[in-house]
Amino acid sequence: MQARPGTRGPLLDRRRERAVLDALLADLHAGHGRALMLRGEAGVGKSALLEYTVGAADGLHVVRAAGVESEIDLAFSGLHLLCLPLLDRVEVLPAPQRHALEVAFGLRDGGAPDRFLVALAVLTLLSERARERPLLCVVDDTQWLDRASAQVLAFTARRLLAEPVGLLFAAREPAEHFRGLAELEVRGLGRREAHALLRSVVRFRLDEPVRDRILAETQGNPLALLELPRELGPAQLAGGLGLVGAQTVPVRIEQGFLRRVVALPPDTRSLLLLAAAEPVGDPLLLWRAAERLGVPSSAAEAAQTEGLLHVGTRVRFRHPLVRSASYAAATPEQRRAAHRALAEVTDRERDPDRRAWHLAAATTGPDEEVAVELERSADRAQARGGMASAAAFLQRAAELTDDPARRSERALAAAQANLVAGAFGPADELVEMAAVGPLDELQQARATLLRGRIAFATSAGSEAPALLAKAAKQLEPLDDVLARETYLEAWYAGIYAGRFAGAGDLEEVSRAALAAPPPVGAPSPADVLLHGLATLVTEGPVRATPALQRSARAFAAGDVSVADRLRWSQMAVVAAGVVWDEESWATIQDRELRLSREAGMLAPLMIWVNAAGMNAVRHGDFAAAASYVAESESIAAATGTLLGPYGAVTLAAFRGAEAEATRLVDAMVADARTTGQGTGHQYAGWVSAVLHNGLRRYDRALADAEAAAAQTELTLAMAALPEVVEAGARAGRTTSAEEALGRLAEVTGTAGTDWGLGLYARSRALLASGDDAESAYREAVERLGRTRFRPELARAHLLYGEWLRREGRRTDARSELTTAHDLFTAIGMEAFAGRAAAELTATGESARRRSVGAPHDRLTPQEGQIARLARSGLSNPEIAAQLFLSPRTVEYHLAKVFATLGISSRRELRAVLPDAVSPAPAD
């Protein structure tokens, strides 16, 4: 990565592009943040447009950098160079952000920082610098940024709003991290401008057919037009004899540069090669390496005369294609000599990783000493959070290893690093590389474990459970602790695979786990969790409940190690749900959500935000749910994480928004079939049943609920059972309802909680009559009234009111139905509210119309979330850190909140906001 200053020159045409870039600068001057990606082939003029923008950025602070292909494996190298002029402001960052950024840049020691906490630190750093004057960050050749820098900059680009910060990128083809950003495609010049540029470099007359062919084949690419006279002589141009071949424009340009490089004196070619292999752009380093190879300083004259290289305060190529052509023109032996010279002059203490990389490039065959250096570089990269860099170092170390056993060990380590870095394809290839050599039993088990984890990471589908169970079995005699942990992983993978698990289904995994050797000494909470979950599948809820209750309460109380908490809290929530333990469920989830926020760990935060959204719906707080859904979508966009829209589909189904819910349900089912994730299919069935019970389409609700309940007695299956009973009872399918009620009795009776017993009482009442029915309805109302599940309580009142009306007790029915209608309306459950209103009409009573929405109903989900956090007393920086925004963006949203609510200070929020700030439901 090197900064590449340029000179401002005239642009031919480019009115369309200049208008877009001028608008970006105008937005920055107006205080609005923007990000823009210039996309186009090599030589088409992206860099010239960047120079235009920098030249037009009057009154703006500008920082810039450019990607270099050979730096792509050095973590945070691109980001470091871009931020280097801004690091005088690092002290103003909140301590966690400052620590993460300094560790990432190698400025201090510490554990590997979370990638997205580094990103938040960069966002805050840019925002702070922009307080003085608008800031423009220009990054050329982003396709060659290292992975860590690309992720951070893409995250930052998606969070710009109220900060006068502009991120202007350029790339031939943007990397995956930048997909979805606003793009400006840079195309070739128009015919008139291309003709003018061609005339400016070809001083003699061209035959019209030859001219037209040149214009057609270059497609208006400015660099191609400028380089054409250097490639071809006058005779070739005039007659069109040089215009042969079918190469694309970038290939033709590079070949032109290649011919020019080959024609240079040997010493000049050697100097160009050194400059191409040395990505920092340090002239002192270049001259020291040149001296090692016996290249005189005069060698630079020919390159500078040709306009290929400029050596000043930095070493700068005319174009990235000149760099690649200079490297391609050398023989493998010459390249190794260049890297060897660069390694010899690179400071071992200050820059050990680049030195190791040069040593590796200079090595032809196995070299244990270099491999060890690469392993050390991998350790340093991992400590900075650069797992992609660590993976690259380890892979090269494996390639340089002669001993087959050690080569396999390094390949497994590289595969693990690639897995953590999200490079699943290379991880799989490295596992296969390791398998070629001799593997001992433990290494074989680790290889199987890696294959299972890769399978789960890539699709969370049907292959992972069987692979993980196989790995656990292999590990049993070798590492009993790791074996039990792997069985838990296999069990978790089995939940996701669900109906698609096949040979690795939950029953097989559970039986294998129970047959494994028990732990030595007292079992850990994770051991108890595994035993309870496996027993649940093999022997049912009665036998499993004690273990599941103990493990859920242990995780809720924090009686677990940090490592176990991070790995298994999601499983502990499953256990809490199975035993209807509302308090443990909420405690674990709330804690993990808070800790994920505080640590800036976006990957787990994505999961816990989704879970919080689903639970907020089930608690009847649709305002919070909408905020969590919005936050989840924002995190997904920033990180590229693919996670089903669980929160969104739950909210839509409970609201009764048929069109939206149906669209989301259909998408979840299609995705589940594609990826082999049975849990998505099961979840879609449950929420669809809720939707159609609300819409009084009981046959459809019954079919969906029975499909969701047909799987192992886990939380989704149990949640579907009351829907089966209600739909079956209303549709006259009493056999289906009675079977579901029997299962519900078993899974709720042992746990003995108000949540479970309240749902069972409500369901039992549907199939009872006379005093038994009324007693059950009253029990349901009483028990559910002691929980936070307001929608379930409202449904209990509704069913009780419907029963009373059918019993001819209209006055009593009106009371229950009015209570139900008011609850549904307050919550926002429009379909169920309509059902209650219809029942009220049948009693001779009209439902009260919903009052006109209060001002807080007009807040967007994100505004509502920020308003609630401000109401709770959090400062703007605290809200910003929690929501991965900048303080200025929080300030911007709060200003809109104040305007909507008609207030002028944070102190007034408590008076004008209810406990649940609910955005108005969609039409």
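Which residues of H27 are buried?

## Basis of the model

This is a predicted model, in which local features need pLDDT of at least 70, side-chain atom pairs count only at pLDDT 80 or more, and totals for chains, interfaces and linings use all residues. Residues are numbered from 1 along each chain as its sequence is written, and side-chain values use heavy atoms, without hydrogens and water.

## Helix H27

The buried residues (under 20% relative accessible area, 1.4 Å probe, protein chains only) are Pro541, Ala544, Thr545, Ala547, Leu548, Gln549, Ser551, Ala552, Ala554, Phe555 and Ala556. Just after H27, Gly558 takes a positive phi of about 80 degrees.

## Helix pair H36 and H40

The axes (lines fitted to C-alpha atoms over the stretch in contact, with angles from 0 to 180 degrees between N-to-C directions) of H36, residues 715-731, and H40, residues 790-806, come within 14 Å and cross at roughly 20 degrees. H36 is therefore roughly parallel to H40 (angles under 35 degrees). Glu723, Glu726 and Arg730 of H36 make the contact with Arg795, Leu799 and Glu802 of H40 (heavy atoms within 4.5 Å).

Conventions:
Buried < 20%, exposed > 50% of the residue type's maximum accessible area, 1.4 Å probe, protein only. Helix = DSSP H or I, 4+ residues; strand = E, 2+ residues; numbered from the N terminus. Parallel < 35°, antiparallel > 145°, perpendicular 65-115°, else oblique.
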